[in-house]
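Colleague: Pick one part of this model and take me through it slowly, please. I'd like the cut-offs along the way.

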Amino acid sequence: MTRQTPCQTGPGMAAQVPNPAETPRNHRKQAGTAVAECNATGSCRPIVQLEESSMKSTVMRRAQAGFTLIELMIVVAIIGILAAVALPAYQDYTVRAKISEAVIAGSAAKGVLSEAFQSDGVTGLSAAATAINATPYAEKASKYVINYCVGAAVTTPTAADCAATGTIANWIVSIAVAATAGNGIPTGLNGNTIVLAPNVNNATPVATSKGAIDWACTSVTKQASTARGLGNNPVGTLPAKYAPAECR
């Protein structure tokens, strides 16, 4: 008589006794939600929990799915919009930073003229302006400045010495911007001017003026100096978007 060996099962499973009439192939038994695999010798082993396996499969499928084409297109569109807005703004910012250095270079004339006025009034202003214009342009030029000159009106300084002058009125400093392929300022701005103009008590200095000089700075616009109440503020030719805030 053939003796049957009980099948060992996992938790939650009923014991299974294999039928000797069955072929020696492995067979599976399901009890509740558990599945076991038994062989002809009567030994069994649990395989998986059906519910757990199904849940894991769903999670794995979602994880492997990644982004859909629509989602990727939306991300690319957002990046494109941000780049279209941010890149021009950043380029304008870098140009403004370099133009600011040009204003600083031209401020050397502003300092000399301010000191001259404090020591000798408008006569001192004229003497200082004559000395500035007599300085060789190469000594005033820099990476971002072609030249700067002082005159009775706005001028366009070039890579040449300033015109000789006698007594100067208004004492307007014109600074010509150097824009080359090498210095990062758009070449179309080469020779454009920023203007510095002296004011005492919000007007052009005269022989009777007393007090410190307040300087107006302008580009092609002069809203900032006008808002400060400065009357001596002729405009230059540099587009306002490239000028420092105080020169717009």
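Modeller: Let's start at Thr130, which lies in helix H2 (helices are DSSP runs of H or I with at least four residues, strands are runs of E with at least two, both numbered from the N terminus). Before going on: this is a predicted model, where local features need pLDDT of at least 70 and side-chain atom pairs pLDDT 80 or more, while totals for chains, interfaces and linings use all residues. Residues count from 1 along each chain as its sequence is written, and side-chain values use heavy atoms, without hydrogens or water.

Thr130 is partly exposed, at 32% relative accessible area (buried is under 20%, exposed over 50%, partly exposed in between, with a 1.4 Å probe and protein chains only). Trp171 is 41 residues away from Thr130 in sequence, yet their C-alpha atoms are 10.0 Å apart.

Zoom in on Val173. Leaving out residues up to four places away in sequence, Val173 touches Ala109, Leu113, Tyr148, Cys149, Val150, Ile194, Val195, Leu196 and Trp215 (contact means heavy atoms within 4.5 Å).

Two of those neighbours lead further. Tyr148 has the charged end of Lys140 over its ring, 5.3 Å from the centre (the rule wants NZ of Lys or CZ of Arg within 6 Å of the ring centre and within 35 degrees of the ring normal). Cys149 pairs with Cys162 in a disulfide with sulfur atoms 1.9 Å apart (the cut-off is 2.5 Å between cysteine sulfur atoms). Its S-S torsion is about -85 degrees, so this disulfide is left-handed. Because Cys149 sits in strand S4 and Cys162 in the loop between S4 and S5, the bond ties together parts 13 residues apart in sequence. Both cysteines, Cys149 and Cys162, are buried.

The structure holds two disulfides. The other joins Cys217 and Cys247, with sulfur atoms 1.8 Å apart, and a torsion of about 90 degrees makes it right-handed. Cys217 is in strand S7 and Cys247 in the segment after helix H4 (223-227), so parts 30 residues apart in sequence are tied together. Cys217 and Cys247 are both buried.
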